[in-house]
Amino acid sequence: MTVNNKKQELFSRGINLFNNRQFYDAHEYWEELWLEYHLSDKKFIQALIQLTVAYYHLSTGNTKGARSLLNKSLDKMKLFIPENRGINVNEIINAIYSSIEMIDSEERFNWDIVPQLKIKI
């Protein structure tokens, strides 16, 4: 397998796992990509990792950790507006804002606001 194929495989597996709300596993694939390869958009991958771990924290009841990571992800995502790797970054940013508002409202978290990461071809 070529290096580019391996990088694409790690990215794609992370997307599929994230979209199936398997946040911990998604973060593992993206972390390998982030740590092991030179990437021109390394901060984007880091933002995805932070987003994923934020939702993992939410799933375990750690709202403080989730809120902190959502804000860190948000700062990095803004560097890649309007899209990166075929993904609509504005949609992710809107979902992050909605997630933070939901956490701050102390209402039960509505998992339907977690974005689905769709790659435009």
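Guide: Read along the sequence, the protein follows the pattern α-α-α-α-β-β-α, where helices (H or I, at least four residues) and strands (E, at least two) are DSSP runs numbered from the N terminus. The radius of gyration, taken over C-alpha atoms, is 14 Å, close to the 14 Å that the globule rule gives for 121 residues, so the protein is as compact as a globular protein of that length. That rule is 2.2 Å times the number of residues to the power 0.38. This is a predicted model, in which local features need pLDDT of at least 70 and side-chain atom pairs count only at pLDDT 80 or more, while totals for chains, interfaces and linings use all residues. Residues are numbered from 1 along each chain as its sequence is written, and side-chain values use heavy atoms, with hydrogens and water left out.

Of the 121 residues, 43% count as buried, meaning under 20% relative accessible area with a 1.4 Å probe, protein chains only. A nonpolar core is a set of buried Ala, Val, Leu, Ile, Met, Phe, Trp, Tyr and Cys residues joined through side-chain atoms within 4.5 Å. The largest such core has 37 residues, and those with the most contacts inside it are F11, F18, W30, F44, I45, Y55 and M77. At least two core residues come from each of α1 (3-19), α2 (23-36), α3 (42-59), α4 (63-77) and α5 (89-105). The most is given by α3, with nine residues.

Consider F18 in particular: leaving aside residues up to four places away in sequence, F18 touches F23, A26, W30, L51, T52, Y55, V114, P115 and L117, a contact being heavy atoms within 4.5 Å.

How values were computed
Buried < 20%, exposed > 50% of the residue type's maximum accessible area, 1.4 Å probe, protein only.
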